[in-house]
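Thanks for asking me to look this one over.

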Amino acid sequence: MFGSRIKLDRDLLRKIEMYAKIAGYSSTQEFITHALEKEIAQLEQADSDEEIRKKLQGLGYIS
Amino acid sequence: MRFRTLFLATLALALAAPAAAAPARKVLVLGVDGLDPALLRSYIARGILPNIGRLIERGGFSELQTSMPPLSPVAWSNFITGMDPGGHGVFDFIHRDAATMLPDRAESVVKPGKTLSLGDCHVLPVGGGGPENLRRGRAFWQILEERGVPTIVFRMPANFPPVPSPGKSLSGMGTPDIQGTPGTFSFYTDRQVPNAKEISGGEVYAVRPSAGRVDAKLHGPWNPFRDGSTACRKRLEVDFTVHLDPQRPLAKFDVQGQEFVLQQGEWSDWVRVDFKALPLFASVHAIGRFYLKQVRPQFELYLTPLQIDPKRPGAMQISTPKSWSHELCEELGYFYTKELPEDTKALTGGILNAREFWQQTQFVYDELRRAFDYAIESFEEGLLFFYFSSVDQNSHMLWNYMDREHPGFNEDPLLAAGIEQMYRGIDDVVGRALATLPEDATIILMSDHGFAPFYWQVSLNSWLVERGYAALRDPGQRSSKWFGDVDWSRTRAYAVGLNGLYVNLRGREPRGIVEPGEEHERLLRQLERDLLGMVDPRNGKHPVSLVVDPRRDFHGPLVASGPDLVVGYSWGYRTSWKSPLGEFPREVFTDNTEPWSGDHSMDYRLVPGVLIASRPITLDAPALHDLTVAILDEYGVPKTKEMIGSDCLGER
């Protein structure tokens, strides 16, 4: 697996391991990857929403 | 002898040569957005529009049936193509992409180009992308040019980028500002602006005057050499400085070496701005005008949306031939190039007050007037179309100054006469045309739609929830996101844009639940009945008086490409401020107290446009698509098989 090492707080890592198991992930890495992908997708969506609004808001007819 | 031979040879050649083509007859079409027949009649009755009165005496005056919905991009597209939305595909200002469920402009879009990643947020643009005109069908001036009729088309809406034509044309409504939006103004201040983030159509920038100067930035388009992701992208910026006079209310500006002084309350002339994407390599050119609203106690500086520089439009073609915008600029000086130049958003956002807005609209009219005078003086033959936005934009923003019934009525004698003043301006234009053009020229004064008050708003999406057509995941929580709160698994219909209603159709919408065919049809009929039966409990009125089903009521191959239903509001009503972009406010019916107080996005039968011509009007109820046929007929050009209208003007 390519990638960089990331330092995590010990307590957080413990929680990640626990919830990865509860949620049925095959590994903590799979859980972390999924969580980050979800967060990024949300940020990208929020950004595109904002961009869309801005692009259309100059129209006098909407606010 | 030698000379005699030469003379005879020349004479023979001259006699053998075909006669030079006769100049094409002159037809002038004055397209005045939002010119309303009822207001026009009342002003004519008061004798304040003498030139329009003279034009009516030459030919006639009729209401002109507008499009459904009666929105400018739709109405002008009807006129341009001689078709209805089923033919040209423009159904609203805003439509949604069924595949992505994201909204966009209905008449034109700017698509991103392809890039090659260079790493570390840097990219190399490798082509593709750019603006695309989404209107389908041939424009009448393209047809005339094919028949050898020279044409000049000035700021026709729904024509960006301008369709290819050997004639001269300048784009109008649909043309973005330099940021790719319909218009984003800038406001620089050291005062606390309430809800600054919520102001739409502009950005508020906090500045801090220090040692008698203000240093700030002009904000251009995204840097094309950077990745478009949130983490990487950056706007191109230009620094500028304002030096504040220590005693007097004036300031000296320095923008890229252009120095000028403004008094408090004064507007600058056009200022050029060059955004450099790569030093010495790629620049984006823009123009803007500053308004020094206040020097102290608080500093307040407004800047118009930065416009595409007509001298150097770059990749954004705004005219045919591309060089024509440059030539016009040489003749007329710099001018507004973005779609509707009147900054209604700055008034709505409280950045400009109504008198400042009125002043800005005068600049727009004066610019258009200067361009018209140039166009009419240099008009040699063929067709000249000239567009004015001033009546429309002032009717939107000053209706509440002339209508005491309006929930947002304001008292101001100057502004109460503002709309009338704009009608006088158009009368003056007609006077100039009558004085300049020969007797046998055809002069047509027309509008795309009329006007009505906007007293009450209907949140159509909220009504759909109330009636069980749409469902929210948590009715207690209503964000301001584009359909962010919707439970699509329980939503059968949703509203987008000013008049569009869509069914959440399986196979078309990503999370569609309504089966195509019988279930779809049944739902449409039920929606139609319920919409027409809608009652505003506050006054017992029916807010909807017409529902159009494009597949039933429109013509052409694109009838199924728009909304499933088009909603026509009754007199005084309109969709709410929030509903068009997928929001669900708690209240369905509310008063409109915004400065935007007049409107026309309603039942088309209530807001007809105007047709006045120097020729007799031969149809009882002419429509925009009939006028298209009449203009072709001026040159003996038959209508195309896609056109749905008939000639509406009599013999000369």
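1. A word on terms before we start: a residue is buried if 20 or more other C-beta atoms lie within 10 Å of its own, exposed if 12 or fewer, and partly exposed in between, with C-beta atoms placed from the backbone. Helices (H or I, at least four residues) and strands (E, at least two) are DSSP runs, numbered from the N terminus.

2. Please keep in mind that this is a predicted model, where local features need pLDDT of at least 70, side-chain atom pairs count only at pLDDT 80 or more, and totals for chains, interfaces and linings use all residues. Residues are numbered from 1 along each chain as its sequence is written, while chains are lettered from A and ligands numbered from 1 in the order in which they are written.

3. Let's begin with helix α14 of chain B, residues 518–533. Its 16 residues should span 22 Å at 1.5 Å a residue, and the end C-alpha atoms are 23 Å apart, which agrees; the expected span is 1.5 Å times one less than the number of residues.

4. Which residues of α14(B) are buried? They are B:Leu523, B:Leu524, B:Leu527 and B:Leu531. Seen down the helix axis, these buried residues fall within an arc of 105°, so they line one face of α14(B); the arc is that of the directions from the helix axis to the C-beta atoms. An α-helix has 3.6 residues a turn, so residues three or four places apart point the same way.

5. On the other side of α14(B), the exposed residues are B:Glu518, B:Arg522, B:Arg525, B:Arg529 and B:Gly533. The cover over the buried residues includes β27 (493–496), β28 (500–503), β29 (544–548) and β30 (565–569) of chain B.

6. Stepping back, chain B is divided into domain 1 (30–91 + 103–109 + 136–174 + 339–451 + 607–652), domain 2 (178–317) and domain 3 (455–602); the bounds come from an automatic or database domain assignment. The C-alpha centres of domain 1 and domain 2 of chain B lie 32 Å apart. Their contact takes 9 residues from domain 1 of chain B and 11 residues from domain 2 of chain B, where contact means C-beta atoms, placed from the backbone, within 7 Å.

7. Now the core. The largest nonpolar core has 176 residues, and B:Leu30 and B:Leu445 have the most contacts inside it. Such a core is a set of buried Ala, Val, Leu, Ile, Met, Phe, Trp, Tyr and Cys residues joined through C-beta atoms within 7 Å. Leaving aside neighbours within four places in sequence, B:Leu445 has contacts that include B:Leu30, B:Ile52 and B:Val610.

8. Between the chains, 24 residues of chain B are in contact with 15 residues of chain A. On the chain B side, β4 (102–105) and α8 (344–348) are the elements that give two or more residues.

9. Two cis peptide bonds deserve a look. One joins B:Phe160 and B:Pro161, with omega about -15°, and B:Pro161 is in the loop between β9 (151–156) and β10 (168–171) of chain B. The bond from B:Thr320 to B:Pro321 is also cis, with omega near -20°.

10. Finally, B:Asn195 has phi near 50°, a positive value in a residue other than glycine. B:Asn195 is exposed, with 9 other C-beta atoms within 10 Å.

Note on methods. Two residues are in contact if their C-beta atoms, placed from the backbone, lie within 7 Å.
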